[in-house]
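Have a look at the structure below, and start with the ligand.

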Amino acid sequence: MAPSFASVEDMRRRAKRRLPRAIFDYVDGGAGDERGVRRNREAIERRLLKLKPLTNVSQRDLTVPLLGGHLPLPFLIGPTGLNGAVMPGGDLALARAAAKFGIPFVLSTASSMSIEDVAHQVDGELWFQLYVLNRDAARQFVDRALNAGYRTLVLTVDVPVGGRRDRDFRNGFGVPFQMTPRFALDCALHPGWALKQLRGGAPQLANLRSTGATDANSQALLMLRQMDASFDWDDLKALRDRWPHRLIVKGLTDPADCARCFSLGVDAVVLSNHGGRQLEDVVAGFDMIDRIDVPEGKALLVDGGFRRGADIVKALALGADAVMLGRATLYGLAAAGQAGVEQVIETLRLEIDNTLALIGCPNAADLGQDVLQD
Ligand SMILES: Cc1cc2nc3c(=O)[nH]c(=O)nc-3n(C[C@H](O)[C@H](O)[C@H](O)COP(=O)(O)O)c2cc1C
């Protein structure tokens, strides 16, 4: 499949044209003045690569080891909530595109399709991301994920309360959609999106049905009002005891917190400031990669601002084992559904391959700080 656009940024522009403004802003925006969103990009852009000519790069290999296995590409699709607002069936489209390339897809607690529906319909590696809305709901989600065959649990810890995102506030964005005159006009101006939504039905937070929240209104209330802000290290320990498989903690930026997670038996951590969507004045995960001690057998993932293959190469060179994508694949989903997601993955694959050749490091698994300019 030949990509019909040059970059993730091209896809972002296409997504902007296709989505009503309130939906595009939900995907694209960040907390406050969005300094965090910009910092994530600046952190990556600041680091430079070195050219290493006169190296045999005729054969390149993008495979990387991860927690005793391998990823065919050094990135995966991270968790994003409410994918059904971008496109009905969005979770499925993302999961199927990931499966096609052999990379994992992380299903959010706030997904529009249920844990079970996605598992039944996708023949690929699925991870489940847990938000602790309340203890009972969290226990139910963990059991459901286990029964549905998920073997990697990603606990997101940077949302004890929701971030304050100005664009969403201005747009009155929420679940269920509020049909204000402005939103109605926005929908009319984006008939492709609107027709699909009419056919697919308003997006729900499908996993919350099992908690008794059967309609979009009650689900939204549960999601917004009942994040359990008391969840702490003892609870993490209890979750570690309860979940028998791989456990990953997402949303850390501090080396001491990462070390504490590893010592509690957590298998991997994701350096992340939630794509600048929670608190804007926090460090970019990218800038912390080389400060984390990763014990043997454990792994370090990172996300935030990855839009180019070279961005991913830099993260690996600094010591990350793999990168999680957030908005990049959502732009693809918005622009062209599953085919758009596949185009984003393929473009990043080609860019990584090209970068590895040009920096004289043919194997992604061999990347180290020697390829970075001091
Ligand atoms: C629209 C949107 C929804 C998100 N929803 C979730 C979520 O439900 N759970 C979660 O752990 N992270 C969520 N995130 C954060 C992403 O997993 C990831 O940390 C972030 O998007 C990475 O930054 P990037 O978008 O610049 O790649 C969301 C991000 C976006 C853009």
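A backbone N or O atom of Arg 327 sits 2.8 Å from an oxygen atom of the ligand, a polar contact in the sense of a pair of N or O atoms within 3.5 Å. How much of the ligand does the protein bury? Taken alone, the ligand exposes 590 Å², and 98% of that is buried by the protein (accessible areas by Shrake-Rupley with a 1.4 Å probe).

Keep in mind that this is a predicted model, where local features need pLDDT of at least 70, side-chain atom pairs count only at pLDDT 80 or more, and totals for chains, interfaces and linings use all residues. Residues are numbered from 1 along each chain as its sequence is written, and side-chain values use heavy atoms, with hydrogens and water left out.

Now zoom out to the shell around the ligand. It has 21 residues, the closest being Pro 79, Ser 108, Thr 156, Asp 303 and Gly 305 (a residue counts if one of its heavy atoms lies within 4 Å). By class, that shell has five nonpolar, eleven polar and five charged residues, with Gly among the polar ones and Tyr among the nonpolar ones. Helix 2 (21-28) and helix 15 (327-358) each supply at least two residues of the shell (helices are DSSP runs of H or I with at least four residues, strands are runs of E with at least two).

The space taken by the ligand is the largest pocket. To find pockets, a 1 Å grid is laid over the protein atoms alone; a pocket is an open set of points with protein on both sides within 12 Å along at least five of seven lines, and lining residues have an atom within 4 Å of a point. A molecule sits in one if more than half of its atoms lie within 2 Å of its grid points. The largest pocket has a volume of about 1200 Å³, and of its 45 lining residues, Tyr 26, Arg 165, Asp 168, Arg 277 and Gln 278 are the closest to its centre. Helix 2 and helix 15 turn up here as well, among the elements that give two or more residues to the lining.

The second largest pocket holds about 370 Å³ of space. Of its 21 lining residues, Leu 155, Thr 156, Val 157, Phe 231 and Asp 232 lie nearest its centre. Strand 7 gives the largest share of that lining, three residues.

Finally, there is one cavity of 30 Å³ or more, a set of points where a 1.4 Å probe fits but cannot get out. Its lining is Leu 82, Val 175, Pro 176, Phe 177, Ala 202 and Pro 203, which divide into six nonpolar, no polar and no charged.

How values were computed
Polar contact = N/O pair within 3.5 Å; in protein donor to acceptor, adjacent residues only side chain to side chain. Points joined across faces, edges and corners; volume = space filled by probe spheres on them.
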